[in-house]
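These exercises are worked with the sequence and the 3D structure side by side. Try each task before reading its solution.

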Amino acid sequence: MSKKELRFNSKTIHGGQQPDKAYGAVMPPIYQTSTYAQSTPGGHKGFEYSRSANPTRTALENALASIENGVYGLAFASGLSAIDAVIKLLEPGDEVVSTNDLYGGSYRLFKQIFEKYGIKFHFIGMQNMDAIEAHINAKTKLIWVETPTNPMMNIIDIKATSALAKKHKLLLAVDNTFATPYLQRPLDLGADIVMHSATKYLGGHSDLVVGALVVKDKELADKLYFIQNASGAVCGPMDSFLTLRGIKTLHVRMQRHCENGEAIANYLNQNPKIEKVYWPGFESHPNHDIAKSQMSGFGGMISFVPKGSSYEEAIKIVEKLEVFTLAESLGGVESLAGHPASMTHASIPKEEREKSGVVDALIRLSVGIEDVDDLIADLEQAIG
Ligand SMILES: Cc1ncc(COP(=O)(O)O)c(C=O)c1O
């Protein structure tokens with residue numbers, strides 16, 4: 001069977017991979033080099049300078065393309081530098097329609113870096129296609145989607161958004177960090193670009209910062225490779241190796257993240273001291289049906305608000321947690337808790353973030369793959 005035809009759980013291990021050409025190493029060696037010997041000017045073995053390409057990064061880029069059912073993968077120094085490369089496809093005067101409930105750093109990049117170069121961003125709720133279409137005009141070039149959204153777990157219909165993007169000849173980019181290709185493959189649903197903070201589930205062990213893009217179209221890939229090389233925010237060989245190693249267990253980790261996530265969402269939902277739980281697996285979730293149709297599970301990310309929406313109560317809970325670590329980030333094997341208003345989403349003005357539900361009492365959990373009974377016991381003692 002050709003590696004192209006492998007199923008997802010085999011692609012995470014073998015997709016785009018070949019034994020190393022030098023000695024047949026099964027795991028890609030860490031080519032810790034900036035440059036490559038040439039026999040005559042231009043006489044090289046495919047690699048000239050590691051900003052342009054490095055064999056360990058190429059192995060990762062091939063794996064990324066494979067697991068997202070794309071053709072071209074690009075690895076960056078961080079998720080934000082991957083987003084930065086996408087926005088650099090645009091010209092001053094162009095407009096972007098973006099979800100209003102997105103990672104605070106993406107919002108900051110759009111508002112505080114790119115707006116001053118004349119790119120205009122519309123931050124809107126994307127649950128309704130008419131709302132998206134109302135913000136599209138002759139200058140619009142890109143729709144930026146995050147689904148599930150961070151931290152409100154809203155679900156955006158990728159297929160319907162893609163139909164809209166095609167109708168208006170726009171690019172559709174999807175930040176697939178929360179779902180990962182284990183649960184959702186945006187390119188199959190019509191997106192043009194998939195983006196990842198590979199720092200999260202793809203790496204999976206909270207030991208690196210890496211970003212990724214995957215596309216199918218050659219012309220688009222060439223433009224992005226040009227930006228990647230010209231701007232230079234590439235992923236180093238060591239981080240490429242660690243991300244590749246993480247991807248090899250993505251499917252088994254995600255399976256457990258989903259199981260533990262479901263158990264904890266249900267535990268919080270029946271707890272009288274909790275006012276509201278945000279998790280797309282609940283039938284009562286406003287876009288549960290879309291989540292069910294475009295995702296194969298609901299993941300390990302959950303947000304909740306304690307009874308009375310009290311900021312003090314939220315802070316007390318995150319401080320008391322012992323197995324969950326209070327920390328930025330998500331997607332590692334260990335469980336993390338975060339307070340979006342003061343941590344991940346502090347760069348979004350209060351009025352702006354509260355409009356999308358990111359209130360001061362909101363707590364976000366990245367449910368890890370520990371024994372779920374230990375995680376529930378920890379929440380129980382912290383909630384009191
Ligand atoms: C959904 C999402 N997108 C993008 C990013 C940015 O990625 P990075 O921190 O790797 O630059 C993050 C980081 O938390 C994120 O959660």
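**Exercise 1.** Why is strand β5 (residues 171–175) largely enclosed by the rest of the structure?

Solution. The model is a predicted one. Step 1: take the cut-off, by which a residue is buried under 20% relative accessible area. Step 2: apply it to the strand; four of the five residues of β5 are buried, so the strand is largely enclosed by the rest of the structure.

**Exercise 2.** Find the strands that pair with β5, and state the sense of each pairing.

Solution. Step 1: on one side of the search is strand β4 (residues 140–146), which pairs with β5 in the parallel sense over five bridges. In this pairing, L142 stands opposite L171 of β5. Step 2: strand β6 (residues 193–197) also runs parallel to β5, and three bridges join the two. Here D175 stands opposite M195 of β6.

**Exercise 3.** Describe the largest nonpolar core.

Solution. Step 1: this core has 66 residues, and L64, I264, L268, I302, F324, L365 and L379 touch the most other members. Step 2: helix α10 (residues 250–269) gives the largest share of the core, seven residues. Step 3: follow one member. Leaving out residues up to four places away in sequence, the contacts of L365 include I264, L268, F324 and L379. Step 4: apart from this core lies another, of 29 residues, with Y107, F121, L142 and A221 among them.

**Exercise 4.** Is S310 buried, partly exposed or exposed?

Solution. Step 1: locate S310 in the loop between β9 (301–306) and α12 (311–320). Step 2: its relative accessibility is 23%, so S310 counts as partly exposed. Step 3: check its side chain, which reaches the backbone nitrogen of E312 at 3.4 Å.

Terms used: Residues are numbered from 1 along each chain as its sequence is written. This is a predicted model: local features need pLDDT of at least 70, side-chain atom pairs count only at pLDDT 80 or more; totals for chains, interfaces and linings use all residues. Side-chain values use heavy atoms; hydrogens and water are left out. A nonpolar core is a set of buried Ala, Val, Leu, Ile, Met, Phe, Trp, Tyr and Cys residues joined through side-chain atoms within 4.5 Å. Buried means under 20% relative accessible area, exposed over 50%, partly exposed in between (1.4 Å probe, protein chains only). Contact means heavy atoms within 4.5 Å. Two strands pair if DSSP finds at least two bridges between them. A polar contact is a pair of N or O atoms within 3.5 Å; within protein, one must be able to donate a hydrogen and the other to accept it, and residues adjacent in sequence count only if both atoms are side-chain atoms.
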